[in-house]
Amino acid sequence: MCGRFNVTDDPYMHLLLDSLGVDLGRLPIRASNNIAPTDTVSIVVSNGEEMVLKNACWWLLMHQEDGCIRPLTKYASFNTRSDKLNVKGSAGFDAFRQTRCIIPVSGFVETQQGNAYAMEPVGSAIAFGGLFRRWIEETTGEEVLSCSIVTLPPHPKIEPYHAKSMPLILPLNPEVQRKWLDCPATNVGELEEMLSPQLPLPLSVTPIEKASVRNAIGESVHLAAD
């Protein structure tokens, strides 16, 4: 994916978070129409007892800079390819086994040959499968979270709009979503089925001016779910 998504604080988003048991009274969802890499985003994590909403930097690899945690921009890590999850020493190897998350979104943007397309779910929000890592700032001792979106080879219906990859879209099934969050490291092989290109919900695809300017410049196309 090209590196843009949006989050709307609407009933669809609340329904997704409610289905996961997230208490929005603790931390409101971070809403924005143009979220880019290194921005702060909302992620859902499991603390072993319940699902909670946390803030995280959308960039998995971080480093200490003047005592503060900053994105390590030498390496692009806002996405993590699924074929790297089982490669020892890769950025996502340990996180795939120990610290997975869900990144709730309302839509995302893909690009192909200079054209941009807004991809929006029909009648729902989207649960992206993601990874996160924990860091400690030297100056404050505070915990900082970072995250990335797992990407897959493109589904045939997505390929005309982005031939390189697509985000991992989890099914609209709380049990499956919770399994992504809670599956123990010893059983991550059970998650392999989720790592095949699939379209578990319908999408509306609209040509737009560019990734950061979502003015429609053409008719929308409906992509049916699998």
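Q: What does Phe5 touch in this predicted model, leaving aside residues up to four places away in sequence?
A: In this predicted model, Phe5 touches Asn33, Asn34, Ile35, Val41, Trp58, Ile103, Val105, Gly107, Phe108, Ile149 and Arg214. Each of these counts as a contact because heavy atoms of the two residues lie within 4.5 Å.

Q: Which residues of the largest nonpolar core touch the most other members?
A: Phe5, Ile43 and Trp180 do so, in a core that has 64 residues. They belong to a nonpolar core because such a core is a set of buried residues of listed kinds, Phe, Ile and Trp among them, joined through side-chain atoms within 4.5 Å. A second, separate core has five residues, including Val109, Ala118, Ile208 and Ala211.

Q: Why is Ser148 called buried?
A: Ser148 has a relative accessibility of 0%, and buried means under 20%, so Ser148 counts as buried. Ser148 lies in strand 12, and, leaving aside its neighbours within four places in sequence, Ser148 is in contact with Trp58, Leu60, Ser77, Phe78, Asn79, Thr80, Ile103, Gly130 and Leu131.

Q: What makes the link between the side chains of Ser148 and Thr80 a polar contact?
A: The side chains of Ser148 and Thr80 are joined at 2.7 Å, and the cut-off for a pair of N or O atoms is 3.5 Å, so the distance falls within the limit. The definition also asks that one atom be able to donate a hydrogen and the other to accept it.

Q: How far apart are Ser148 and Trp135 in sequence and in space?
A: Ser148 and Trp135 are 13 residues apart in sequence, and their C-alpha atoms are 14 Å apart in space.

Q: Why does Ser82 count as buried?
A: The relative accessibility of Ser82 is 15%, and because the limit for buried is under 20%, Ser82 counts as buried. Ser82 is found in the loop between strand 7 and helix 2, where, not counting residues up to four places away in sequence, Ser82 touches Val150, Thr151, Leu152 and Pro153.

Q: What makes a space in the structure a cavity, and how many cavities of 30 Å³ or more does the structure hold?
A: A space is called a cavity because a 1.4 Å probe fits there but cannot get out, and the structure holds one cavity of 30 Å³ or more. The largest cavity has about 30 Å³ of space. Its lining is made up of Phe5, Val7, Arg30, Ile35, Val41, Ser42, Ile103 and Pro104, and strand 1, strand 3 and strand 8 are the elements that give two or more residues to this lining. By class, six of the lining residues are nonpolar, one is polar and one is charged.

Q: Which residues lie nearest the centre of the largest pocket, and which element gives the most to its lining?
A: The largest pocket, with about 510 Å³ of space, is lined by 21 residues, of which Ala76, Asn79, Thr80, Arg81 and Thr151 lie nearest its centre. Strand 7 gives the most to this lining, with three residues. The lining has eight nonpolar, nine polar and four charged residues.

Q: What lines the second largest pocket?
A: The second largest pocket is lined by 14 residues, and Cys57, Ile69, Glu137, Val144 and Leu145 lie nearest its centre. Strand 4, strand 6 and strand 12 are the elements that give two or more residues to that lining. About 230 Å³ of space lies in this pocket, and its lining divides into seven nonpolar, three polar and four charged residues.

Definitions and conventions: Residues are numbered from 1 along each chain as its sequence is written. This is a predicted model: local features need pLDDT of at least 70, side-chain atom pairs count only at pLDDT 80 or more; totals for chains, interfaces and linings use all residues. Side-chain values use heavy atoms; hydrogens and water are left out. On a 1 Å grid over the protein atoms alone, a cavity is a set of points where a 1.4 Å probe fits but cannot get out, and a pocket is an open set with protein on both sides within 12 Å along at least five of seven lines; lining residues have an atom within 4 Å of a point. Grid points are joined across faces, edges and corners, and a volume is the space filled by probe spheres set on the points. Helices (H or I, at least four residues) and strands (E, at least two) are DSSP runs, numbered from the N terminus. Ala, Val, Leu, Ile, Met, Phe, Trp, Tyr, Cys and Pro count as nonpolar, Asp, Glu, Lys and Arg as charged, and the others, Gly among them, as polar. Buried means under 20% relative accessible area, exposed over 50%, partly exposed in between (1.4 Å probe, protein chains only).
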